[in-house]
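Student: Could we go through this structure together, one question at a time? I would like to see how each answer is reached.

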Amino acid sequence: MAEAVAAAFEADTHLLVQAGTGTGKSLGYLAPALARCVDTGEVVVVATATLALQAQLANKDIPTALDAVEEVTGQRPKAAILKGRTNHACLYRARSGGDHDQGSLVGAGAVAEAAARSKGDEVSRLGAEVLALREWVEGEAERGGLADRDDAPTHTARGWAQVSIPTRECLGVTACPFGAECFVERSREVAREADLIVTNHALLAINAMHGGTALPEHAALVVDEAHELVSRITTAATDELTPAVVDRAARRSLAWLDDDLGMDFLDQVESLREALDESELTRITQASAPLPYAAAALRDVARKVASALGKVTDDPERQQATSAVKEVFDVADRIAALKEQDVVWVTESEIMGRTAYVAPLNVAGLLREQVFGQGPTVLTSATLTLGGAFEPAAGAVGLRAADRIDDASGAADEFGWRGIDVGSPFDYRKQGILYVARRLPPPGRDGLHEKTLAEIAQLVWAAEGRALGLFASRRAADQAAEYCRRELPELTILCQGDAQLSELTRRFLEEPTTALFGTMSLWQGVDVPGEACQLVIIDKIPFPRPDDPLMQARKKAVDDAGGNGFMSVAATHAALLLAQGAGRLIRRSEDRGVVAMLDPRLDTARYGSFLTASLPDFWTTTDGDVAVSALRRLRGDTD
């Protein structure tokens, strides 16, 4: 892998590297990246999807690689972690107060006493939390630190909101009274002096969308956890609009508006609410529909408000109000435009109520021009070959099949790419079994079938717990947990929602005869090596929901272009998740176990072979008795 990465940097081409769990892929790209920094003096950026990997790189892998580079070359490159603005505290917010009066936060007076009695001391707890955060912020300012959220005292999201600021509301280093001490600016200065910069997919997306202004100039890029890239870029490019957001922007602006314009802005809150209530919970394609019509009216009023607020730089509150109004304007304008390259839809939830969303139909063009078009890029993940080929993953990020370079010496243009699978240290055929329950009925919409529930209970019984259940819906996870608790009272069945996910994962890892059932966050976010997890249960092929407007729009676009939308979008999405889910089983060379796929379509449907080819090369069976016997043998039962 290291040789392939070095060759891609040298040839100025792009590389997709599939590197299985346990390969050590971080060192596989860090070694050539740091060598390039030493040889050329150029900067290399590494982008990850998760904070967990960022922390692993910063605390373990990068120091190890730097030690090796220094030993071999006599030089020690500088490395820095670069995060988004909201990951750092804001001195202006911490010192001037947030959305709540400090007196109420710290529990002063009779009002706070009444709140504490009625809300179980919630206000006092939040106040103590904010005071601790503000004290920490001042300490970071004195020490010349970066006030990174990961280093902050224990806190909630509400507490952190009192000492941080949304990107759009930042006053800017020149206008902020504390600009000279700004933690974000300090982190940027550190990054500008570094040879290797580690950032995240979200900041990479912002850099791509805003003309390269978020990251320092760099000669090469490595994208780790690359299977997440399209999803993370899409999320970063997605906007939402709610009546609450408009109401907040309007009320922040009233002090600087005349009565008529202020009332007009407030009226737009109710107009938007009515439009959302009248909208179907699906994609919106007609400009005459209630939502685009209301968004156009809101856009026009927001434009007038922003103009009335003016370009004031000596009043921080007015400047932040202007930023909030401009954000409302931008999102309303995007929704009202209903551009072909955007998807607009409405959803509803108990917490948020009705919300309008607008997302890019496709991010491949953005990635092609603003990421791959800027220099050699390496994408790496344990799951980059879908259906046994790199082309689906490459196409999703803007690299075309025609761009692929087949031979090592082939010439390439700026979008030329190669794919390499460096394999795995694991012997999947000896370490794991893929059991496809062909005898079960296909999954339906009315919950898990009784036969499927019985199969789950039998498998969990055979493994004596030690099972990770990955379900397509919360309803299915709850149904399976309830059934197994009733049928297997001697085992502990944990279900997502019973406690914080970190607590559930800890118990699953530490307590024998325990099973953990859950939904999407378990498919990719749980790493449980060893005997704690000897059985992974997947209830159904994780196709996108049929009511997912963005996925359906992408599928239709492929169909309209003459392609196969189902295979390009739905099957590719399912293959990626299946590979990630099945990958939970074998995390080290000593691990053994069974992946039980309870959806017979993996074996019976025409697309089944494409999905299976995306999975690790397990030994495969459709005989449930074989799977049960294997699990019993792992538990020492030889009968």
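Student: Which residue stands opposite Leu468 in E16?

Tutor: Let's start with a word on what you see: this is a predicted model, where local features need pLDDT of at least 70, side-chain atom pairs count only at pLDDT 80 or more, and totals for chains, interfaces and linings use all residues. Residues are numbered from 1 along each chain as its sequence is written, and side-chain values use heavy atoms, with hydrogens and water left out. Strands (E, at least two residues) and helices (H or I, at least four) are DSSP runs numbered from the N terminus. In E16, the residue opposite Leu468 is Val536.

Student: Over how many bridges do strand E13 and strand E16 pair?

Tutor: Two strands pair if DSSP finds at least two bridges between them. E13 (residues 467-470) and E16 (residues 535-538) run in the parallel sense, and their pairing covers 4 bridges.

Student: Why do the buried residues of H20 line one face of the helix?

Tutor: Buried means under 20% relative accessible area, exposed over 50%, and partly exposed in between (1.4 Å probe, protein chains only). The buried residues of H20 are Ala476, Ala477, Ala480, Ala481, Tyr483 and Cys484, while Arg475, Glu482 and Arg486 are exposed on the other side. The arc is taken from the directions from the helix axis to the C-beta atoms. Seen down the axis of H20, the buried residues line one face because they fall within an arc of 165°.

Student: What covers those buried residues of H20?

Tutor: Among the covering elements is a helix, H19 (450-463). Two strands also belong to the cover: E14 (492-495) and E15 (514-518).

Student: In the other sheet, with the order E6-E9-E8-E7, which residue of E8 is the bridge partner of Ile284?

Tutor: This open sheet has 4 strands with antiparallel pairing. E7 pairs with E8 (residues 342-349) over 2 bridges. The bridge partner of Ile284 in E8 is Val344.

Methods:
Contact = heavy atoms within 4.5 Å.
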